[in-house]
Amino acid sequence: MFDLLEKKHATLVAEFDRYVIEHPEFAVKIPQNAQIVLQVEGDEEYNEWNRQLADRQREPDQIVVYVKVKGLKPAKSRLIKPVLSKVAVA
């Protein structure tokens with residue numbers, strides 16, 4: 001089960017990083033050196049797991065910022081006009 005939570009966490013962290021790069025006005029509201037704890041609406045298993053992870057990793061006196069998200073949009077390919085150059089016959 002932890003593999004699924006770790007994969008979900010990695011995806012959420014990557015998407016959060018992308019979001020703050022694309023929305024600098026959101027990023028400036030986050031205090032410097034704050035610990036970001038992502039929480040997903042309706043997913044208490046992930047939320048509890050991530051809060052425990054954050055507790056173990058928190059530095060003394062570190063500010064904690066909880067970021068609650070509704071979820072993720074379905075993944076889709078970002079490839080631009082892929083072209084097959086050769087098809088091998090088995």
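Reader: Which residues does Asn50 touch, not counting residues up to four places away in sequence?

Author: In this predicted model, local features need pLDDT of at least 70, side-chain atom pairs count only at pLDDT 80 or more, and totals for chains, interfaces and linings use all residues. Residues are numbered from 1 along each chain as its sequence is written, and side-chain values use heavy atoms, with hydrogens and water left out. Taking contact as heavy atoms within 4.5 Å, and setting aside residues up to four places away in sequence, the residues that Asn50 touches are His9, Val37, Leu38 and Gln39.

Reader: Is Asn50 buried or exposed, and what is its relative accessible area?

Author: Asn50 has its place in helix α3, where helices (H or I, at least four residues) and strands (E, at least two) are DSSP runs numbered from the N terminus. Buried means under 20% relative accessible area, exposed over 50%, and partly exposed in between, with a 1.4 Å probe and protein chains only. Asn50 is buried, and its relative accessible area is 3%.

Reader: With which residues is Val65 in contact, leaving aside its neighbours within four places in sequence?

Author: Val65 is one of the residues of the largest nonpolar core. Once its neighbours within four places in sequence are left aside, Val65 is in contact with Pro31, Ala34, Gln35, Ile36 and Val37.

Reader: What is the radius of gyration of the chain?

Author: Along the sequence the pattern of the chain is α-α-β-α-β. The radius of gyration is taken over C-alpha atoms, and the globule rule is 2.2 Å times the number of residues to the power 0.38. That rule gives 12 Å for 90 residues, and the chain is well over this value, so it is more spread out than a compact globule, with a radius of gyration of 18 Å.

Key: Core = buried A, V, L, I, M, F, W, Y, C linked by side-chain atoms within 4.5 Å.
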